[in-house]
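I'd like to walk you through one model today, so let me put it on the screen.

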Amino acid sequence: MKKAPTKLMNDTTDQTPRPSVDTSTRQVLINGNRMDSADLFRSARELLISHGEETYRLRLTSQNKLILTK
């Protein structure tokens, strides 16, 4: 069963459902401009990326492909 999305309390204009916020900290090794996706997805199959005013979702699929959505 999927967990219901949680709305951020200080967000009054954007009604887009958001997953609950994971406040854990992790370290990712960056070599030049490269990083291993296994380091990114070690603890979850989805990441939220903030870019300016927008939030993007990077998901690792069951077929081991990456999908970036707005």
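So, how many helices and strands does the chain have? There's 1 helix, and there are 5 strands. Keep in mind that this is a predicted model. Reading from the N terminus, the elements go β-β-α-β-β-β.

We've got an open sheet of 3 strands here, in the order 3-4-5, and the pairing is antiparallel. Strand 3, at 46-51, and strand 5, at 66-69, are the edge strands, each pairing on one side only. From one strand to the next, the twist averages 20°. Zooming in on strand 3 and strand 4, the latter being residues 54-60, you'll find 6 bridges in the antiparallel sense. Also, Ser-50 sits opposite Thr-55 of strand 4.

Now over to the helix. Helix 1 covers residues 37-40, and Asp-39 is part of it. Is Asp-39 buried or exposed? Its relative accessible area is 16%, and the cut-off for buried is under 20%, so Asp-39 counts as buried. Who's around it? The side chain of Asp-39 makes a polar contact of 2.7 Å with the side chain of Arg-42. If you skip the neighbours within four places in sequence, Asp-39 also touches Arg-26, Val-28 and Leu-29.

Last bit, the whole chain. Of its 70 residues, 13% are buried.

How values were computed. Residues are numbered from 1 along each chain as its sequence is written. This is a predicted model: local features need pLDDT of at least 70, side-chain atom pairs count only at pLDDT 80 or more; totals for chains, interfaces and linings use all residues. Side-chain values use heavy atoms; hydrogens and water are left out. Two strands pair if DSSP finds at least two bridges between them. Helices (H or I, at least four residues) and strands (E, at least two) are DSSP runs, numbered from the N terminus. Axes are lines fitted to C-alpha atoms, for helices over the stretch in contact, and angles run from 0 to 180 degrees between N-to-C directions. Buried means under 20% relative accessible area, exposed over 50%, partly exposed in between (1.4 Å probe, protein chains only). A polar contact is a pair of N or O atoms within 3.5 Å; within protein, one must be able to donate a hydrogen and the other to accept it, and residues adjacent in sequence count only if both atoms are side-chain atoms. Contact means heavy atoms within 4.5 Å.
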